[in-house]
Amino acid sequence: MTPLHFVAYGASALGLCFVVLSLACGLYYLTELVEEYTAYTRKVIKAMTATVMAVHILLLFDNLPFFHILFSLFCHCIYSLNLKTFPWIDLLSLPFLGSCLLVLVDHFLWFKYFTMHYRPFMDITAFFGICVWLIPLTYFISLSANENSLPMSGIKGQDPVTAFPSQQGLSNLPPPSFRTHYNPQLHHRKGL
């Protein structure tokens, strides 16, 4: 082995580290966007799901099996049930647990199909990336928005803006910033 081989191995390892770090930074940035713009994220996820379902229907013309496509469409319908309470996704709810199970079943169903029927590698990776993993990965990224969303998540079924102060008996108090800086003894004015 020549020293150039060692340089090539070191450069390959460095390139792999760079790719992994770039993916981690990209996922972190996407998570920050989801936390900041939850309403817009919900619309994007809904549009992405509709687009992926349309791609599934188009793939029927590419001689992919009808029942596999139908099962994938069913999976995406179940994934969409998580949008009803988005960004508050309950990890023990039936739609979420069903989504977790169905993404694994869908993956293995298509994996088994593509091991028996030859397709170019790029076609298979594109199919898995867009049609199988894209929507579940999007929900996975958006799980962190659940814990950082406003308004207060402890009040269910009520308007948090109007319900919280009256529950605590604080409805007639001034805003917190005014309460902390206002001292009535310093600001007391004598009558004219």
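A residue is buried when its relative accessible area is under 20%, exposed when it is over 50%, and partly exposed in between (1.4 Å probe, protein chains only). By that rule, buried residues make up 27% of the 192 residues in the protein chain. This is a predicted model, in which local features need pLDDT of at least 70 and side-chain atom pairs count only at pLDDT 80 or more, while totals for chains, interfaces and linings use all residues. Residues are numbered from 1 along each chain as its sequence is written, and side-chain values use heavy atoms, with hydrogens and water left out.

## Overall build

The protein chain holds 8 helices and 0 strands. Helices (H or I, at least four residues) and strands (E, at least two) are DSSP runs, numbered from the N terminus. From that end on, the elements run α-α-α-α-α-α-α-α.

Contact means heavy atoms within 4.5 Å. Of the contacts in the protein chain with a separation of 6 or more, 68% join residues 24 or more positions apart. The accessible surface comes to about 14100 Å², and 71% of it belongs to carbon and sulfur atoms. Accessible areas come from the Shrake-Rupley method with a 1.4 Å probe; for residues, only the protein chains shown count as cover.

## Helix H2

Helix H2 covers residues 38-58. Its 21 residues should span 30 Å at 1.5 Å a residue, and its end C-alpha atoms are 30 Å apart, which agrees. The expected span of a helix is 1.5 Å times one less than its number of residues.

Which residues of H2 are buried? They are Thr41, Ile45, Thr49, Val52, Met53 and His56. Seen down the axis of H2, the buried residues fall within an arc of 110°, so they line one face of the helix. The arc is that of the directions from the helix axis to the C-beta atoms. An α-helix has 3.6 residues a turn, so residues three or four places apart point the same way.

The face of H2 turned away from its buried side carries exposed residues: Ala39, Tyr40, Lys43, Lys46 and Leu58. The buried residues of H2 pack against helix H1 (3-36), helix H3 (66-80), helix H5 (121-132) and helix H6 (134-142).

Thr138 sits in helix H6. Thr138 is buried, with a relative accessible area of 16%. Leaving aside residues up to four places away in sequence, Thr138 touches Ile45 and Met48.

## Helix H4

H4 has 23 residues. From its first C-alpha to its last, H4 reaches 33 Å, close to the 33 Å expected at 1.5 Å a residue. Its buried residues are Phe96, Gly98, Ser99, Leu102, Val103, Asp106, His107, Trp110, Tyr113 and Phe114. They pack against H3, H5 and H6.

## Aromatic rings

Rings of Phe, Tyr and Trp (its six-membered ring) pair if their centres lie within 6.5 Å; planes under 30 degrees apart count as stacked, over 60 as edge-to-face and the rest as tilted. The count by this rule comes to 10 aromatic pairs. Phe66 and Phe67 form one that is edge-to-face, at 5.4 Å centre to centre and 75° between the planes. The rings of Phe128 and Trp133 also pair; their centres are 5.4 Å apart and their planes at 45°, so this pair is tilted.

| Residue | Relative accessibility | Class |
|---|---|---|
| Phe66 | 48% | partly exposed |
| Phe67 | 65% | exposed |
| Phe128 | 5% | buried |
| Trp133 | 41% | partly exposed |

Phe128 and Trp133 also belong to one aromatic cluster with Trp110, Tyr113, Phe114 and Phe127.

## Salt bridge and loop

Side chains of opposite charge can pair when their charged atoms come close. A salt bridge is a side-chain nitrogen of Lys or Arg within 4 Å of a carboxyl oxygen of Asp or Glu. How many does the structure hold? It holds 1 salt bridge. The side chains of Arg119 and Asp62 meet in it, at 3.2 Å from N to O.

Arg119 lies in the loop between helix H4 (94-116) and H5, and Asp62 in the loop between H2 and H3, so the pair ties together parts that are 57 residues apart in sequence. Arg119 is buried at 18% relative accessibility. Asp62 is partly exposed, at 39%.

Asn63 is also placed in the loop between H2 and H3. Asn63 has a positive phi of about 65°, although it is not a glycine. Asn63 is exposed, with a relative accessible area of 65%.
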